[in-house]
Amino acid sequence: MPPHLMTLADLSTPAITRVLTHSHTLKQVSLPWLAPQQTGKSSRRKPLKMPSQSLFNKSIALLFSKRSTRTRVSAETAATLLGGRALFLGRDDIQLGVNESARDTARVIGGMCQGIFARVGDHAEIEELARYSPVPVLNALSSLWHPTQILADLLTLHEHAHLFTSDAPAPETAVEGKGAYKPLPELRPLTITWLGDSTNILHDMLVTYPRFGHKIRVATPAQLAYQCPTPVWDRVKELGCDKDIWWGSDPREAVHGADVVVTDTWISMGQEAEKAQRLKDFQGYQVTEALCKEGGAKSGWKFLHCLPRKPDEVDDEVFYGPRSLVFPEADNRKWTIMAAFDLLFGKWNLHGTEATQSEA
Ligand SMILES: NC(=O)OP(=O)(O)O
């Protein structure tokens, strides 16, 4: 039975830390490799190290039934860096869902490729793929979970740990030629606020952040449709995360004491018909300087958003301002997906906890 990853709830805390550490090292190894190569005298510099080639001559299927920019481009470029190839298989490209079942598709693609990175509608679809795939399946987003997004968010927070500690200097990032790679900066326990719908992004936050000592404060509209689905809340409780989660419907109350404010679109893929009702239900939830000041967020609060963004949920002042970490967060989709591909598809060892720095 191959290992799979449906949600970060499936990984222990040390295993998540290992993926983040591995992402941080792969990023440091890969960036000099990807930089324009210099000629002339500077060509006498120390030879560059090539990142792990665990996917050399291997193929990863990107089975995407929904649109994607970040996840798709991260996956394709990460597979290339690992020496392999990603095959993008969109909903109109293959027989799945029209002439062929998920069961048969998983068996056939798994017989030809060495991993499946799948973006699906209903979460049951990816469970079905995983049940019958002979190779590992990684969740690229389902109705319930979005694990690779939260890996990127965590890496971004760790890289910006100095912003949350008044006396800490910014870490050095350039490492080429210095031997050992910089360790992942330690992150102090934070208060992280979510304003918006109970989406797959929030769900992976709920089962992850409290295990690292972070408190979560959530505001969703009071209607039942915006509350946490039972299968997700069951995992939250199973992991003991519920005691560190405050959940209400007042966005001002939710941002109280926040170090980080996170939101996402109020109208996810497939919910376009509900747009008018949703815009009404989320009135007052837009992340702005005024809202966070009135609610008592910490003076240095920072902003995360998985993207794509619409101006409904966050105004331009916050989104493009100095509080925003959204573009480093987007960049980190690549390094975290690269680490997950290396460990899951290349080594079948994503759930392990042994250090990986020497094999980056
Ligand atoms: N955040 C995210 O998953 O972006 P894409 O939908 O563009 O992949």
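## The loop at Pro308

Pro308 lies in the loop between strand 9 (302–305) and helix 11 (316–319). Helices (H or I, at least four residues) and strands (E, at least two) are DSSP runs, numbered from the N terminus. A cis peptide bond links Leu307 to Pro308, with omega about 0 degrees. Most peptide bonds are trans.

This is a predicted model: local features need pLDDT of at least 70, side-chain atom pairs count only at pLDDT 80 or more, and totals for chains, interfaces and linings use all residues. Residues are numbered from 1 along each chain as its sequence is written, and side-chain values use heavy atoms, with hydrogens and water left out.

## Around the ligand

Leu307 is also one of the residues around the ligand. A residue is near a molecule if one of its heavy atoms lies within 4 Å of it.

Polar contacts are pairs of N or O atoms within 3.5 Å. A backbone N or O atom of Thr69 is 2.7 Å from a ligand oxygen. A polar side-chain atom of Arg70 lies 2.9 Å from an oxygen atom of the ligand. For an N or O atom in the side chain of Arg333, the distance to a ligand oxygen is 3.2 Å. Taken alone, the ligand exposes 260 Å², and the protein buries 95% of that. These areas come from the Shrake-Rupley method with a 1.4 Å probe.

## Strand 4

Leu141 belongs to strand 4 (residues 137–141). Leu141 is not a glycine, yet its phi is positive, about 135 degrees. Most residues other than glycine have a negative phi.

## The whole protein

The protein has 12 helices and 9 strands. Its C-alpha trace spans about 55 × 55 × 35 Å along the principal axes.

Technical notes. Polar contact = N/O pair within 3.5 Å; in protein donor to acceptor, adjacent residues only side chain to side chain.
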